[in-house]
Amino acid sequence: MPSAIERRLAKIEQRFRDRLRGVHRYSDAELDALIAWLRDPDPSREEWAADLLQREGLIR
């Protein structure tokens with residue numbers, strides 16, 4: 001059963017289908033790393049996570 005974070009990301013992906021295509025879509029490794037970071041934020045990787053979320057237009 002997917003976690004709440006995984007369900008939220010899946011919902012966002014469905015809502016913004018136009019942002020999923022092309023080279024900017026999360027790779028499986030990026031998605032796994034982002035989920036891990038959201039569960040246990042590491043300050044040293046905060047900039048990486050913010051860049052990833054900005055790339056998809058989820059934050060500004």
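Two residues are in contact here when they have heavy atoms within 4.5 Å. By that rule, residues 24 or more positions apart account for 50% of the contacts in the chain with a separation of 6 or more.

Welcome to this predicted model, in which local features need pLDDT of at least 70, side-chain atom pairs count only at pLDDT 80 or more, and totals for chains, interfaces and linings use all residues. Residues are numbered from 1 along each chain as its sequence is written, and side-chain values use heavy atoms, with hydrogens and water left out.

The chain holds three helices and zero strands, in the order α-α-α along the sequence. Helices (H or I, at least four residues) and strands (E, at least two) are DSSP runs, numbered from the N terminus. The predictor's confidence in each residue is its pLDDT, from 0 to 100.

| Helix | Residues | Mean pLDDT |
|---|---|---|
| Helix 1 (lowest in the chain) | 4-15 | 79 |
| Helix 3 (highest in the chain) | 46-55 | 90 |

Across the chain, pLDDT averages 81, and 87% of the residues score at least 70. Where pLDDT is low, the predicted coordinates should not be read in detail.

Of the 60 residues, 22% count as buried, meaning under 20% relative accessible area with a 1.4 Å probe, protein chains only. In helix 3, Ala-49, Leu-52 and Leu-53 are buried. Seen down the axis of helix 3, these buried residues fall within an arc of 95° (taken from the directions from the helix axis to the C-beta atoms), so they line one face of the helix. They pack against helix 2, residues 28-39. Just after helix 3, Gly-57 takes a positive phi of about 75°.

Notes
Buried < 20%, exposed > 50% of the residue type's maximum accessible area, 1.4 Å probe, protein only.
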